[in-house]
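User: Hey, can you walk me through this one? I'm new to reading structures.
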Amino acid sequence: MAVEDGVRAIEDGVRTDFRAEMDYGGYLALDTLLSAQHPISDHHDEPLFIIQHQTTELWLKLALHELRAVRSCLDADDVQRARKALARVKHVFRTITEQWSVLATLTPSEFAEFRGVLGHSSGFQSYQYRAVEFVLGNKDARLLTVFRSRPEAHDLLAGLLDSPTVYDSFLRWLARRGHPVPQHLLDRDVRKAWVEQESLLPVYRGIYADTTAHWSEYATCEDLVDLEDAVQLWRFRHLRTVQRTIGFGAGTGGSSGVDFLKRALDLTFFPELYTVRGGIGA
């Protein structure tokens, strides 16, 4: 590219007139996106707090989109596309985990200066995060009451509550592949949160005992473990960021704050895939 008087010239083929065509900002609706930040205070750091959470919500929207695709692909026996989507969700969570490092630059004193304007709003009320948890198996019908004032969010969660999870679709795929998944697990009430099922362990022992014969199953099991690890790291980084910002005080939404987040670390989506590891090679 030519340089004239120290200024890089625009190439002849670069379009510059968009009066009658869609441009970058129009395609991405940047006027809407960049005008969606409405600080209530005049504190310098409130835009950081807003943008951090808004970008996380955008990534959660993509994660939910991909997890629904994982479910559909497994139902259609398209495990390769399912695995690609699982990998993408894993990287989404790695990205939003690293984002906590930006919010962690907000000191307790700085946050205290505008925290009051948040009222009772809290990340606990993120319906997209709840949707991701629901589609992965951590379901709780009681949480729908939080979203009674938001019909669209309530309906989304109600639909996911009534629908099979990613794990349900995975187990059904394993059964169609000839693995002896117990029938009561295939017929289970999908509205209930998943809890560890000892009767499923022989299925995984068989897969891990002969990974060559069951490579697709084995690789997908490891994809699920990768995803769970990524979500858990995100939860942990969230906890540590909250702890360094507000200590052990209560959350703005009325939760116990750090203690509440600690209990979330005990939740697991695919517990059998961790339990089975204890007997491999024994």
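This is a predicted model: local features need pLDDT of at least 70, side-chain atom pairs count only at pLDDT 80 or more; totals for chains, interfaces and linings use all residues.
User: Which residues of α6 are buried?
Analyst: They're Gln128, Tyr129, Arg130, Ala131, Val132, Glu133, Phe134, Val135 and Leu136. Buried means under 20% relative accessible area, exposed over 50%, partly exposed in between (1.4 Å probe, protein chains only). Helices are DSSP runs of H or I, at least four residues, numbered from the N terminus.
User: Why is α6 called largely enclosed?
Analyst: Because nine of the 10 residues in α6 (residues 127-136) are buried, the rest of the structure largely encloses it.
User: What follows α6?
Analyst: Gly137, with a positive phi near 120°.
User: New topic: which residues touch the most other members of the largest nonpolar core?
Analyst: Phe93, Phe170, Leu171 and Tyr204, out of 64 residues in that core. A nonpolar core is a set of buried Ala, Val, Leu, Ile, Met, Phe, Trp, Tyr and Cys residues joined through side-chain atoms within 4.5 Å.
User: Which helix gives the largest share of this core?
Analyst: α4, with 10 residues.
User: And what does Tyr204 touch?
Analyst: Leaving out residues up to four places away in sequence, its contacts (heavy atoms within 4.5 Å) include Tyr167, Phe170, Cys221 and Val276.
User: Is Tyr24 buried or exposed?
Analyst: Exposed, because its relative accessibility is 63%. Tyr24 sits in helix α1 (residues 24-27).

Note on methods: Residues are numbered from 1 along each chain as its sequence is written. Side-chain values use heavy atoms; hydrogens and water are left out. Helices (H or I, at least four residues) and strands (E, at least two) are DSSP runs, numbered from the N terminus.
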